[in-house]
Amino acid sequence: MKLFMTPTSPYSRRARIAIIEAGYGNQCEEIDVSPIPENLDTLLSAHPSGKAPTLLLDDGIGLSECILIAQHMNDISGGKLYPKDPAERLSCQTMESVGSVLMDSLFTRSSQNRLDTSEQSPTILNKETHRSNRLYGALDGIVSELEGKTHMGALTVACALSYADWRGAEDNWRVKHPRLDAWMKEIEHHQSFATTSRPNA
Ligand SMILES: N[C@@H](CCC(=O)N[C@@H](CS)C(=O)NCC(=O)O)C(=O)O
């Protein structure tokens with residue numbers, strides 16, 4: 001199994017964490033495809049998305065989308081990543097959905113901010129800033145459910161918040177949401193999260 005990834009991507013981090021949590025860390029080769037434009041052919045050899053992360057399975061099948069990579073790792077590990085109890089599973093998926101959309105919102109803002117100002121859209125930036133703030137608030141509302149959890153829902157939230165520290169620093173989510181900050185300080189020690197941190201973070 002090979003994972004085409006970039007070390008700074010929160011999406012790649014989710015896939016890397018899923019592989020570790022499933023117990024496949026030693027059986028999966030990580031291939032750094034940054035910068036993506038220079039390694040597009042490698043990515044395209046595995047999947048037409050041309051996106052990282054992409055997981056290339058031993059039988060040649062390529063999987064893009066970190067959430068689907070996590071679901072695949074859950075399937076082949078006999079369910080190590082998601083709770084089996086239906087109510088717990090739904091709670092986990094609720095967290096994962098909020099974390100996922102927060103990550104997309106921050107990524108969209110970051111992509112806009114890296115454009116030349118003449119190409120930036122204040123409308124998109126404004127809409128996504130409101131969305132990010134709504135999502136921090138939603139996470140604050142479920143912090144008691146997050147506490148003590150290290151399943152894929154909680155780890156996805158942690159990946160999104162860590163990305164917010166970098167690409168959405170102006171949001172000041174840690175100051176505005178101290179209980180979420182306290183939860184984050186705990187999960188930051190979790191092995192799969194700690195070993196996948198951004199270089200120089
Ligand atoms: N929805 C995808 C997003 C992955 C994504 O956008 N990755 C970025 C790197 S952080 C990428 O591949 N960008 C290259 C491109 O969009 O062409 C996922 O959940 O895995």
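**Overall architecture and domain contact**

The protein contains 10 helices and 4 strands. The model is predicted. Read from the N terminus, the order of elements is β-α-β-α-β-β-α-α-α-α-α-α-α-α. The radius of gyration is 17 Å, close to the 17 Å given by the globule rule for 201 residues, so the protein is as compact as a globular protein of that length. Along the principal axes, the C-alpha atoms fill a box of roughly 50 × 45 × 30 Å. Of the 201 residues, 36% are buried. Among contacts with a separation of 6 or more, 69% join residues 24 or more positions apart.

The domain assignment gives two parts: domain 1 (2-76) and domain 2 (86-192). Their C-alpha centres lie 21 Å apart. Domain 1 puts 10 residues into the contact, and domain 2 puts in 9 residues. On the side of domain 1 that touches domain 2, the elements giving two or more residues are helix 1 (10-21) and helix 3 (66-76). Helix 1 supplies the largest share of that side, with 8 residues. By class, this side of domain 1 has 7 nonpolar, no polar and 3 charged residues.

The nonpolar core was examined next. In soluble globular proteins, nonpolar side chains tend to be buried together. The largest nonpolar core here has 47 residues. The members that touch the most others are Phe-4, Ala-15, Ala-18, Ile-69, Val-157, Ala-158 and Ala-160. Helix 7 (residues 152-167) gives the most to this core, namely 10 residues. Both domain 1 (2-76) and domain 2 (86-192) give residues to the core, so the core lies between them. Ala-158, one of the members with the most core neighbours, is in contact with Met-184, Ile-187 and Phe-193, leaving aside its neighbours within four places in sequence.

Two cis peptide bonds are described here. One runs from Ser-34 to Pro-35, with omega near -10°. Pro-35 sits in the loop between strand 2 (29-32) and helix 2 (40-46). Another cis bond runs from Ala-52 to Pro-53, with omega near 10°. Pro-53 falls in the loop between helix 2 and strand 3 (54-56).

Positive phi angles occur at two asparagines. Asn-172 is not a glycine, yet has a positive phi of about 55°. Asn-172 is placed in the loop between helix 7 and helix 8 (173-176). Asn-172 has 11 other C-beta atoms within 10 Å and is exposed, since the exposed class takes in residues with 12 or fewer. Asn-200 likewise has a positive phi, near 65°. Asn-200 belongs to the segment after helix 10 (191-194). With 6 C-beta neighbours inside 10 Å, Asn-200 also counts as exposed.

Notes
Residues numbered from 1 in each chain as written. Predicted model: local features only at pLDDT ≥ 70, side-chain atom pairs only at ≥ 80, totals over all residues. Rg over C-alpha atoms; globule rule 2.2 N^0.38 Å. Buried ≥ 20, exposed ≤ 12 C-beta atoms within 10 Å, placed from the backbone. Contact = placed C-beta atoms within 7 Å. Core = buried A, V, L, I, M, F, W, Y, C linked by C-beta atoms within 7 Å. Domains from an automatic or database assignment. Nonpolar A, V, L, I, M, F, W, Y, C, P; charged D, E, K, R; others polar.
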